[in-house]
Amino acid sequence: MAYVITQNCCKDASCVPVCPVDCIRPAEGGLDSASAEMLYIDPDSCIDCGACFEECPVGAIHYEEDLPSEMRRFKELNAAYFERHPLEPATLPAPASRARVEAGSLRVAIVGSGPAACYAAAELIDVDGVEVNLFERLPTPFGLIRAGVAPDHQHTKSVVDIFERAFINPRFASHFNVEVGRTINHDELLAHHHAVIYAVGAATSRRLGIDGEDLIGHHAAAEFVGWYNGHPDHAAHQFDLSAERAVIVGNGNVALDVARVLLMDRDALAATDIAQHTLDALADSAIREVVILARRGIADAAFSAGEFLALGHLDGVDVIVDAHDLPADDDHDDIETSFKLAIAREYSQRIPTPGNKRVVFRFGATPVAIRGTDRAEGLEVRGDSGTEMIETSLILRSIGYRGLPIQGLPYDEDSGTVPNESGRVVDGAPVRGTYVTGWIKRGPRGVIGTNRLCAEQTVAQLWADFDAGLLTRDVAGRESLDALLAARGAQAVGWSGWRAIDGAERDRGVQAARPRVKFVSIEEMLSAGRRG
Ligand code: NAP
């Protein structure tokens, strides 16, 4: 018997070092976008010790015998990975041996509080003597873990538990509800810290660049995601759910998240932390079909195999794939692509259940224009057999996120990232004391745990600069920082304030038999934070 890694693997690879027989691969987790979508356990080498199961921050590892029925296929996928990639001893980097620095010699500001920021913070605060100040625009931490991960993926959200140790460290201070660039600027951060790490993600959505893009009824999927996750910036959005069909452009994992939320059974959604306004709006939704549109073929699909498989287990929803869109056989050099092809073939052979809702996958269809007079009435697409109009009044473009420029830092317009070398910001030459991690560093790719290696890489550059004496200078301390924030009228929320908000949301959840009912306005959040 063996343990099996399943769908919501976060890829932060915390399971790898605890495995006594070193049978989890790829051992480096996956900073490189071309590496595996998830990690796998070699069933022939696993000794059933359960160490990985205990360590996994998102509950993605199951004992083979306890695999829920909808996850049994992952046993096959874990084994198939090792048929293609026989287990070889891993060459893991030696763990960092640094234990402490002189008090006051390294003060670091981290901007953002999503997974990239949290992994960087956890890495730094472990070294005795290091001080970290973390700044977040919203009164609530955790970025896309709170406002991006789909509400039916509650296990994934539990990754936040591993960061609590860092947040409660006395050398760590949280400054939520403080916007860098507005309340405090880059130069002021540098005046109070030896180094600044930006982990601000990719805050906007890419554009399609086609006619009709500004018509009512067309939205960025990211807005819909923010709406259903109760992000204060998106809580007031309105989406037209009155027609039977919605179309999503792009077939990445965000597209699959959005399709599930649009079609899932209301009771199943009510068991999650989805925003109450979304739950109420979906109660009146007429949508019965979601078309997921890709300009390329199934072998180039951006969704991960695990998410594609899970879609087929959604109650009351058929997954429709046209067999004509599939290649003649399922063999592909890449094991995950072979798995996707095999699942797609199974979907193409399923007989739809009368009365079910549908997710329809379309391949080889490029959007040409959004048509309509006052509002979107359809999406014109071009494929092998010419152009065609797909009627719909709700079009969500899910074609990737894009980072925004940061005041005081260089910016690469093409990639929407800050130019950097392994996390050290460069503007021709390295910009002293300034670093990036996460999506603003490497672009909008990868799952939550990808940020662990990304942060380790950035922090390694910071240590190299520290050791070379490049960060040595006099900076003001925490009292001066607090005085500056107070003078600017900042209503900063600290960790205890967040715990009060968190507790209040969970209490509201108890009353409604839900994990939490989120506050969706800054005022409500601040008021709950003050009560704490
Ligand atoms: P993504 O994975 O990069 O997918 C973007 C999709 O948009 C692709 O299908 C791409 O097709 C398509 N596209 C791009 N430009 C287009 C255009 N002009 N016209 C038509 N289609 C276009 O992006 P994402 O879904 O936003 O996800 C971002 C990252 O978050 C990914 O790494 C994803 O895995 C991760 N994520 C993971 C989960 C999860 O694990 N459950 C959930 C959400 C997000 P082409 O390939 O043809 O360019």
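This is a predicted model: local features need pLDDT of at least 70, side-chain atom pairs count only at pLDDT 80 or more; totals for chains, interfaces and linings use all residues.
For Arg295, a polar side-chain atom is placed 2.8 Å from an oxygen atom of the ligand. For Arg296, the distance from a polar side-chain atom to an oxygen atom of the ligand is 2.8 Å. Gly446 contributes through its backbone, a polar atom of which is 2.7 Å from an oxygen atom of the ligand. On its own the ligand has 910 Å² of accessible area, and the protein covers 80% of this.

Strand 12, formed by residues 289-293, is largely enclosed by the rest of the structure, because 5 of its 5 residues are buried. In a regular strand, side chains alternate between the two faces of the sheet. In strand 12, Glu289, Val291 and Leu293 point one way, while Val290 and Ile292 point the other way, and all are buried. The charged residue Glu289 is thus listed with Val291 and Leu293 on one side of the strand.

Strand 12 has parallel pairings with two strands, described in turn here. With strand 11 (residues 245-249), strand 12 pairs in the parallel sense over 5 bridges. Within this pairing, Ile292 of strand 12 has Ile248 opposite. With strand 14 (residues 357-362), strand 12 also pairs in the parallel sense, again over 5 bridges. In this pairing, Val290 has Val359 of strand 14 as its bridge partner, and Val291 has Val360 of strand 14. Asp318 stands opposite Arg358 of strand 14.

Strand 16, covering residues 378-383, is joined to strand 17 by 6 bridges in an antiparallel arrangement. One of the bridge pairs places Arg382 with Thr387 of strand 17.

Helix 9 (residues 221-228) is mostly covered, with 7 of its 8 residues buried. The buried residues in helix 9 are Ala221, Ala222, Phe224, Val225, Gly226, Trp227 and Tyr228. Just after helix 9, Gly230 adopts a positive phi of about 70°.

Positive phi values also occur in residues other than glycine. Phe142, in the loop between strand 6 (131-136) and helix 5 (143-147), has phi near 95°. With a relative accessible area of 6%, Phe142 is under the 20% cut-off and is therefore buried. Ala513 is located in the loop between helix 18 (495-511) and helix 19 (522-531). Although Ala513 is not a glycine, its phi is positive, at about 55°. The relative accessible area of Ala513 is 68%, over the 50% cut-off, so Ala513 is exposed.

A cis peptide bond links Arg25 to Pro26, with omega near -5°. Pro26 is part of the loop between strand 2 (24-25) and strand 3 (40-41).

Val108 belongs to strand 5 (residues 107-111). The relative accessibility of Val108 is 0%, so Val108 counts as buried. The C-alpha atoms of Val108 and Gly306 are 37 Å apart in space, and the two residues are 198 residues apart in sequence.

Technical notes: Residues are numbered from 1 along each chain as its sequence is written. Side-chain values use heavy atoms; hydrogens and water are left out. Two strands pair if DSSP finds at least two bridges between them. Helices (H or I, at least four residues) and strands (E, at least two) are DSSP runs, numbered from the N terminus. A polar contact is a pair of N or O atoms within 3.5 Å; within protein, one must be able to donate a hydrogen and the other to accept it, and residues adjacent in sequence count only if both atoms are side-chain atoms. Accessible areas come from the Shrake-Rupley method with a 1.4 Å probe; for residues, only the protein chains shown count as cover. Buried means under 20% relative accessible area, exposed over 50%, partly exposed in between (1.4 Å probe, protein chains only).
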